[in-house]
Amino acid sequence: MINKVTLNYSYQYGDNRELLDIYKVNQFNSRRHAIRSEVELHSQDFWNSTTGVDYSNLSMLGEGLMHYLPNVGSRETGAFTLHQFKLQAFQLDLGYRHDWIDRHAQADADYKTSRGLAGGTLSPRSFHLNQFSSSVQWHYNILLQFRLSYNHAERAPDVNELYAGNNHFAIITEENGDDKLNPEIANSIEAEAKISYQGFTLVANIYNNNFNNYIYLAHTGLSNPGGFVKKEWRAADTEISGFEMTLQYQKKWDNKQGIQFEGFTDLVKNKNTSDDEMRKWAEGDYMPNLPTSRYGMQVRADIRKVNLNIAYTQFMKQKYLGKNINIEKAMPAYVMLSANIGYLFTLRAYQVTAFVSGNNLLNVEARPQNSPLKYLAPLPGRNLSAGLKIKI
C-alpha cells in the first residue's frame, strides 16, 4: 500500500570570495539544481519501505587573479531503497543505493592547471558507486537496548580533489588535485548499547571504519615563494576507530519546565594501514591534524520564563601524532567554557527572548589540533553578546 509520494526541488546559489586587501584573488559563483522523489510503502504491519531517485547538477564558475579551481561541473544521479522490519523486540533496517556521478572541468586563460601527481590534465571522470547499509536493534525492555550496524559506502572524489591547482588563500595552501583518483571505499562496523533508568540514560558506542583509497590532503615538504605550503590530494588505506559515551539525566516538572545534565567523552584514531612508502614517509603511522580526545558536561535548565545553558569541554593533548614530513607537534590541552541565559516574555502578541551569551569565558589560548591554521592563529578569545529573538 502506498502511503505517500513526495517530489522536492531545490535551487542553491553561492557567491564565495577570497580577498587579499582590496584584490579579489578567488571567487566562485555556484549554482545547484536538485530534484528528489520518494515513494513510501506500508506492505505489512511489520514492514515499511521507502524507494526513490534523486538528481543534482552543480555548476561552478571561477574568477580572480589566482583562483585555485577551474570552471567545474558535476552531475549526480542516484536510486535508492530503504526497508524497515519490526518483529517484537527486534528491528532490522536495510538500505541500498546506486549512484552515477560525472565530474568535468574546463580551464580558462587565468587558471593554472594542477601540479599534483596526475599532472593536471583536467580529465573528465565518471563513477558508478554502490552503498549498502544494515542495522539490527534489540529492545530487551524499556531499560535496555542494543544496536549493531554494518555499512559499505563508496564516495567519488570531489571537484577540488580532482582539479584544484593554485593557491587556496582560506587555508594558506597551494592545493593540487589529482584527476586520476579512484573512489574512496569504506566498510564500517558500529555497536551501541543504551541503558535508561529513572531519568538516567547511558549510551556507549564503539566503531571501526576501514577505508580503501582514503582521500586526504598531503604535505609535499615544499612551499612556493609566497609562503604557501604545497599540498596534494592523495589516497591510501586508512583505519578510523574510536568510541563515544554519554550519560544524561533529565527531570521535567511539566512540558515547559525541566533540567538536564549531560556528561560525555570520546576518542578517535586515524591509523595508516597502507603499504605506501610515500605515505609512511610523509604522514607516519597516524594521520596528522586529528581531532583530540575530549570530555565535558552540559547543563540546561528551563524554569518558568528563564532558560539557562552552560557547556564545559576539556580538549586533551594529542597522543596519536602523525607527520607533516616532520613529526607533528602536539598542541597544549585547553578548556572551553560557554554559557547562555535567556528570558522569555510577550510583547504585543509576539514571543520575545532577551539573551546574553558568552564563549571561551576563561579566555584561554585554544589551538585545535585538527585546525590547518593552528600555528597562525588560535580560536577567538572571550566574547560576549546580547540580543533579542522575536518569534513571528
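View 1. Leu148 belongs to strand 7, strands being DSSP runs of E with at least two residues and helices DSSP runs of H or I with at least four, both numbered from the N terminus. This is a predicted model, in which local features need pLDDT of at least 70 and side-chain atom pairs count only at pLDDT 80 or more, whereas totals for chains, interfaces and linings use all residues. Residues are numbered from 1 along each chain as its sequence is written, and side-chain values use heavy atoms, with hydrogens and water left out. Leu148 counts as partly exposed at 47% relative accessibility, where buried means under 20% relative accessible area, exposed means over 50% and partly exposed lies in between (1.4 Å probe, protein chains only). A nonpolar patch on the surface is formed by Phe90, Leu92, Leu94, Tyr96, Phe132, Val136, Trp138, Tyr140, Phe146, Leu148, Tyr150 and Ile189, which together have about 1,100 Å² of accessible area. Two or more residues of the nonpolar patch come from each of strand 5 (90–106), strand 6 (125–139) and strand 7 (144–155), and strand 5 gives the largest share, four residues. Patches are made of residues with over 30% relative accessible area and no salt bridge, nonpolar side chains (Val, Leu, Ile, Met, Phe, Trp, Tyr) being joined within 5 Å and like charges within 9 Å; the areas come from the Shrake-Rupley method with a 1.4 Å probe, and for residues only the protein chains shown count as cover.

**View 2. The whole protein chain, with two helices and 20 strands.** Taken along the principal axes, the C-alpha atoms of the protein chain fill a box of roughly 65 × 55 × 50 Å. Of the 392 residues in the protein chain, 38% are buried.

View 3. Lys4 is partly exposed at 42% relative accessibility, and Glu40 is partly exposed at 26%. Glu190 and Arg147 form a salt bridge whose closest N and O atoms are 3.3 Å apart. Because Glu190 lies in strand 10 (residues 184–197) and Arg147 in strand 7, this pair ties together parts that are 43 residues apart in sequence. Arg234 and Glu232, with their closest N and O atoms 3.0 Å apart, form a salt bridge as well, and both of these residues are buried. A network of salt bridges links Arg36, Glu38, Asp54, Arg97 and Asp99.

**View 4. The largest pocket, with about 410 Å³ of space.** The lining has 22 residues, of which Tyr216, Leu217, Met287, Pro288 and Asn289 are the closest to the centre of the pocket. At least two lining residues are supplied by each of strand 11 (200–223), strand 12 (229–252) and strand 13 (258–272), and strand 11 gives the largest share, six residues. On a 1 Å grid over the protein atoms alone, a pocket is an open set of points where a 1.4 Å probe fits, with protein on both sides within 12 Å along at least five of seven lines, and lining residues have an atom within 4 Å of a point.

View 5. Strand 15 and strand 18 run antiparallel and are joined by ten bridges, two strands being paired if DSSP finds at least two bridges between them. Gly342 in strand 18 stands opposite Asn307, and the bridge partner of Gly342 in strand 19 is Phe355. Strand 18 and strand 19 form a hairpin with two residues between them, and Arg348 in the turn has a positive phi of about 50°. Arg348 is exposed, at 78% relative accessibility. In the loop between strand 14 (294–303) and strand 15 (306–315), Arg304 also has a positive phi, of about 55°, although it is not a glycine. Most residues other than glycine have a negative phi. Strand 19 (residues 350–359) and strand 20 are antiparallel and joined by nine bridges, and Val352 stands opposite Ile390 in strand 20.

Notes:
Salt bridge = Lys/Arg side-chain N within 4 Å of Asp/Glu carboxyl O. Points joined across faces, edges and corners; volume = space filled by probe spheres on them.
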